[in-house]
Amino acid sequence: MTEDGAAHDEGSTASEDHPPRPLGEPPPTTSDVLDELEALSRTVDDPEEREAVERAKLVLGEMQSGPFGNVVYGFDRADAAEALLGALLFGIPMFVEGGTLEVGAFVATNPLYLAGTLGASVLLTVGILYVADFQDVRVYRPLLGFIPRRLAGILIISFVTALVAMTAWGRLDWSQPWLSFCQVSVTLVPMVIGAALGDLLPGS
């Protein structure tokens, strides 16, 4: 067989190994590539190789552009800063609104409603992050093996921000710690919405 023929055969073999995408099938997305990397990480036993796959996931996330449709991976200081800004934008009107304190006083005497308020904060955060599909949010190294870092970060940032700001502005009476906790819990509801949106909408 001639060298040209051999080259032709090699090209045919490569083509068979990597067949063209079927007509009409959409091109692969970042989410598709990340799915492949996650599947690969589950088959890798060596810790260094697994760490290399994790780094590849992070690099893939950093290569994206645009505000929507990105794969969101990890939760770093930039994400925390965006969450803080969103929490403040939604929280400041609540800090100065007297109705917040009244609602807090009400739920302080109704533990069932307090539990519902806290549950609503968690569910709203989960809904925005993982259900609303603003971005393709992936869980990265969960705390204790099952708590998503992004979810925990947004809830903690919102709660601590409300606690510090309302205390600094004289909105809480810490001689009544239960009442103060309930008033912060009420403020948490809009703040987690702002924090989650502030984190996701930049696409990081």
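Predicted model: local features only at pLDDT ≥ 70, side-chain atom pairs only at ≥ 80, totals over all residues.
**Helix 4 against helix 8**

Helix 4 covers residues 77-96 and helix 8 covers residues 177-200. I get an angle of about 145° for the pair, with the axes 7 Å apart.

On the helix 4 side I noted Asp79, Glu82, Ala83, Gly86, Ala87, Phe90, Gly91, Met94 and Phe95. Helix 8 answers with residues including Val186, Pro190, Met191, Ile193, Gly194, Leu197 and Asp199. Sorted by class, this contact comes out at 11 nonpolar, 5 polar and 3 charged residues.

**Salt bridges**

How many salt bridges does the structure hold? I find 2. The one I followed up joins Asp79 to Arg150, with the closest N and O atoms 3.9 Å apart. Asp79 sits in helix 4 and Arg150 in helix 7 (residues 149-168), so this pair ties together parts that are 71 residues apart in sequence. I also have Asp79 on my list for the helix 8 contact.

**Cavity**

I then searched the whole structure for cavities of 30 Å³ or more and got 1. The largest cavity has a volume of about 60 Å³. Which residues line the largest cavity? I wrote down Gly74, Phe75, Tyr130, Arg138, Val139, Tyr140, Pro148, Arg149 and Arg150. That lining splits into 5 nonpolar, 1 polar and 3 charged residues. Arg150 turns up here in the lining, and Arg150 is also the salt-bridge partner of Asp79.

Conventions
Residues numbered from 1 in each chain as written. Heavy atoms only, no water. Axes fitted to C-alpha atoms, helices over the stretch in contact; angles between N-to-C directions. Helix = DSSP H or I, 4+ residues; strand = E, 2+ residues; numbered from the N terminus. Contact = heavy atoms within 4.5 Å. Nonpolar A, V, L, I, M, F, W, Y, C, P; charged D, E, K, R; others polar. 1 Å grid on protein atoms, 1.4 Å probe; cavity = no way out; pocket = protein on both sides within 12 Å on 5 of 7 lines; lining within 4 Å. Points joined across faces, edges and corners; volume = space filled by probe spheres on them. Salt bridge = Lys/Arg side-chain N within 4 Å of Asp/Glu carboxyl O.
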